[in-house]
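Subject: A structure for you to look at

Hello,

I am passing a structure on to you, and I hope you enjoy exploring it. Please open it first, and then read on for what turned up.

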Amino acid sequence: MVKEVEELKDVKLYKGVHSIDLPEYYTSGHRTCQGCESALVMRDFAKAAGPRTVVTGATGCMYVANTSYMTTPWLIPWMHTQLAGGGASAVGMAAGIRALRRKGKIKDEKINVINFSGDLGAGDAGLGGLSGAMQSDYDLLVIVYDNESAANTDIQASGLTTYGAQTTFSPVGKVHRIMHKRWKKNLAPMIAVGHPNVKYVATAVATFPPMDYMNKVKKALAIGGPTMIHTLDPCPKGWDYHPRYSHDLGELAVKTGIFPVYEIIKGKVVYTYDLRGKKREPVRSYLEKQGRFAHFIDEDYEYIQSKVDEMWEEWEIPGVVPFSSGLEVEK
Amino acid sequence: MNEIQNVKSVFESEELMSGTEAVAHAVRLADVDVFAAYPIRPYTSVMDKLSKFLADGLLDAEYIVADGEHSQFEIGKHASSVGARAFVGSSGVGWLYAMEAIVVTATDRLPLVALVGNRALDDPGAFGVEQNDALMVRDVGWLLAWASTAQEAFDTTLIGYRVAEDPKVRMPFAIAMDGGYLTHSEHLVKLPTKEAVNKFLPPYSLGDRVLHPDNPISVAPQVNEDWVMELRKQNHEAGKRARGIIYQAYKEYNEIFNAGYENPFIEELNVEDADTVLIGMGSVATVARSVTRDLRGEGKKVGFLKMRWYRPFPTEELKKALRNVSNVGIIDRDFGIAGPNDAAITFHDYRSALYDMENRPRMVDFIAGLGGREISKAEVRKMFEMTEKKDTPLVNWIGLRE
C-alpha cells in the first residue's frame with residue numbers, strides 16, 4: 001500500500017535497528033517516571049522528524065514532567081500549549097510558517113509542525129480543536145499520547161481510559177466495584193471517518209512492532225496535510241505495575257487485540273499487526289498484570305473479552321470501524 | 001518627520017465606515033500574516049471585512065475559521081510565536097470562552113492584537129454593550145484601550161501593533177469598542193497609504209524568542225514555585241515600560257499622520273478649570289462631550305475626561321488632570337456584583353489611583369447603559385448634577401426602571 005502512494009514514494013523508512021538515525025532531539029533533562037512509554041513516544045517522534053521541526057506540547061504529564069524550567073530535554077524548538085489547545089497550536093504554527101514562507105519573511109523550506117497532546121487533552125477537552133486542525137489544509141501532525149489517564153494530576157479517568165479501570169476518579173468502593181463505565185473512545189477512526197481530507201491516521205505502540213511507530217511518524221509527515229497518530233503508552237504509575245514491564249504490556253495490548261495497530265492511508269486501512277482471523281492472546285493476560293484492574297472478577301474479564309471479540313469478529317473493518325456489515329438503511 | 005512635507009500625501013482616501021471596518025483596514029495596512037475568526041456579534045463584522053479583503057486580493061494572509069474561540073485565540077498565539085503578525089477578536093461570552101488562551105498569550109508575552117466588540121455577558125442574551133468582557137483581562141498582562149470613533153479605532157489599532165510588538169514591551173493588545181454604538185455606526189475615516197503605514201510600523205520580529213528550527217528554544221516550561229514570581233514581575237515591568245513606548249508611538253503617529261493626539265492616555269474636554277468632571281470610556285464620550293458643552297454654555301464649570309488606555313493605567317496623568325477638580329463622577333458601563341462599597345469595576349481603579357492626592361476629589365460612581373441601553377443627554381446632565389451635589393450616594397444606577 002505504501003508503495004502505491006505517490007507522496008510516500010521517497011520516504012526513507014527504518015528497516016532494522018541499525019538504520020535508525022543516531023542523533024537525539026529529546027535528551028536528558030526531563031523528569032518522567034521509570035518505564036515511561038510516553039517519554040519514548042516523544043524521543044522517537046523527535047528522532048523520526050529530525051531537526052527541521054517545531055513542536056508544541058499540550059498540558060499533561062508530558063508537559064509537567066517533561067519540561068522543567070532550565071532543564072529542557074528538547075533540542076528542537078518546543079512550546080507549551082493549553083490542555084485543549086493542541087490542534088489549534090499546530091494550526092497557528094503551520095499558518096504562520098506558511099504565510100512567512102510565502103511572503104519571503106523566512107527561508108522557504110519545509111518545517112515539520114508537530115503537536116503532542118494526551119488522551120485527556122486531545123480525546124476530551126481538545127477534541128473540537130483536534131477536529132478543527134484535521135479539517136484544515138495545513139501540513140501538521142498531532143500525536144495523541146494515550147496513557148489512559150490524567151497521569152500528572154493523580155491518575156484520573158479520561159474518555160480514553162479502559163473500561164473498569166481503577167483511577168482516583170473511579171475508586172473501588174464497598175458498594176460499587178466498577179466506577180468507570182465508559183467504553184474507550186475510538187479516536188483514530190473518529191478522526192479518519194469524520195475528516196475525509198485527512199490522508200494519514202494511525203494507531204501505534206512505541207515499542208511494538210519494532211520501528212512501526214517511528215515509521216508511522218515519517219509517513220505522516222511526508223504525506224502532507226493534517227495527520228494524526230494515536231499511541232497507547234503503558235504507564236507504570238497509572239496502571240500500577242513494575243516499570244520493567246512497560247514494553248511487555250505494550251506488546252500484549254497489540255497481541256490481545258485490545259489496541260489494534262493500523263494506519264488509514266487515504267481511506268484505506270492497513271494493519272501493521274494483522275490479527276484478522278488469527279488467534280489472539282486472551283485479554284486477561286494483559287489486564288491482570290495491571291494493578292488498576294486488581295478488583296476485577298471473572299465477569300469483568302469476560303465482558304472486556306466479549307467486547308474485544310466483537311470488535312474483531314463483527315465490525316465492518318475489524319478493530320477499526322464500529323459497525324457490523326449489513327448496516328440498515330431506512331426504506 | 002521632515003521627509004513628509006505634504007501631509008495630504010500620506011492619505012489615500014477618506015471613507016465612511018463602521019468601527020469594525022476601520023479596524024479591518026488597519027489590520028490590512030499592518031499586513032498581518034495570520035487572522036483567525038469565529039462568529040459572535042458584534043465584533044464579527046471585522047472578520048467579514050477581512051475575509052472580503054482576502055478574497056479580493058487586498059490582503060496576503062492565512063485565514064482560519066476556527067472551531068471555537070478557544071482555538072481561535074490559540075491559533076493567534078501560536079502564529080505569533082513563530083513570528084507571524086496575527087489578528088483575532090471576539091465579544092462577550094465568546095471572549096470569555098477563549099479566556100484560557102487569552103491569559104497565556106499575555107503570560108507568554110506574545111504581541112497578538114485582538115478586537116473586543118463589547119457585549120453584555122450571557123445570561124440572558126443581549127447584543128448590546130457592557131464593558132465587563134474586555135475588563136476581564138485588565139490584570140493579566142494585556143494592553144487595553146477603548147476607541148470612541150472609527151478614526152480612533154483605526155489609529156489605535158496601528159498604534160497598538162506598534163506598542164505591542166516593541167521589543168521593550170511584547171505584550172498582547174486589545175482594542176475595545178462599544179458593541180452597536182461603534183462597531184456598527186459609521187464615521188469618516190482617513191485611510192493612509194501603505195508606504196506611510198510602513199514608516200510608522202516596522203516589521204514584526206520576536207527576536208531570540210521566535211519559534212523556528214534555527215532557534216531551538218523551549219517556551220513556557222513548567223516552573224512551579226521556583227520562578228513564577230520573577231516571571232510575573234517581568235511581565236509587570238513590561239507593562240510599566242509600555243507607558244513610555246505609548247508616548248513615543250503617539251508622537252510619531254502625530255508626526256507622520258498629522259493626527260493631533262495630545263495625551264495618548266486621556267482626552268480632556270474643559271477639565272483644566274472645571275469643578276466637576278465626569279470620566280468615561282468608549283462611545284459615551286460623544287453624548288458626555290455634548291452635554292459638557294451645553295453646561296459650559298450655561299456657565300457651569302464642568303468637564304469630561306475620556307479614558308483611551310485603560311492598561312497601562314494612566315495614574316499620573318489622571319492625578320495631573322484632576323488636580324484642581326473637586327467632584328469626579330465615574331461612568332461605569334460595567335457591573336461589579338457585591339464589590340467594595342457595591343461600586344462597579346472601573347470606579348475602584350480611579351478611586352485607588354487618586355487616593356494619595358493632596359486634594360483628592362470627592363468621587364461618585366454611576367452604573368449606566370448596561371446591556372446596550374442608551375445613555376441620554378438628560379441622564380448625563382443628571383450625572384453632572386449628582387456629582388456636584390454633596391449628599392449624592394456613592395453608587396448610583398442611572399436609567400434603571402423603578
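How many residues of chain A are in contact with chain B, and how many of chain B with chain A? Before the answer, please keep in mind that this is a predicted model. In it, 42 residues of chain A are in contact with 38 residues of chain B.

Let me start with the chain A side of that contact. At least two residues each are supplied by β1 (53-58), α2 (61-64), β2 (78-81), α3 and α5 of chain A. The largest share comes from α3(A), with 12 residues. Sorted by class, the side of chain A that touches chain B has 21 nonpolar, 18 polar and three charged residues.

The two chains also share some strand pairing. β2(A) pairs with strand β9 of chain B, residues 218-219, in the parallel sense and over two bridges.

Next, have a look at two helices within chain A. Helix α3 (residues 86-102) and helix α5 (residues 127-135) of chain A have axes that come within 6 Å and cross at roughly 35 degrees. From α3(A), the contact is made by G86(A), G87(A), A88(A), A90(A) and V91(A), while α5(A) brings G129(A), L130(A), G132(A) and A133(A). By class, this contact of α3(A) with α5(A) has five nonpolar and four polar residues, and no charged ones.

Now over to chain B and its sheet. Here six strands form an open sheet with mixed pairing, in the order β10-β12-β11-β14-β15-β16. Its edge strands in chain B are β10 (266-269) and β16 (395-398), each of which pairs on one side only. From one strand to the next, the twist averages 20 degrees.

Within this sheet, strands β11 (residues 276-281) and β12 (residues 302-307) of chain B run parallel and are joined by six bridges.

Which strands does helix α10 of chain B lie across? This helix, residues 284-297, lies across β10, β11, β12 and β14 (327-332) of chain B, and runs at about 165 degrees to β12(B). Helix α12 of chain B, residues 345-354, lies across β11, β14 and β15 (362-368) of chain B, running at about 150 degrees to β14(B).

Happy exploring, and do write back with any questions.

Best wishes

Conventions
Residues are numbered from 1 along each chain as its sequence is written. Chains are lettered from A and ligands numbered from 1 in the order in which they are written. This is a predicted model: local features need pLDDT of at least 70, side-chain atom pairs count only at pLDDT 80 or more; totals for chains, interfaces and linings use all residues. Two strands pair if DSSP finds at least two bridges between them. Helices (H or I, at least four residues) and strands (E, at least two) are DSSP runs, numbered from the N terminus. Axes are lines fitted to C-alpha atoms, for helices over the stretch in contact, and angles run from 0 to 180 degrees between N-to-C directions. Two residues are in contact if their C-beta atoms, placed from the backbone, lie within 7 Å. Ala, Val, Leu, Ile, Met, Phe, Trp, Tyr, Cys and Pro count as nonpolar, Asp, Glu, Lys and Arg as charged, and the others, Gly among them, as polar.
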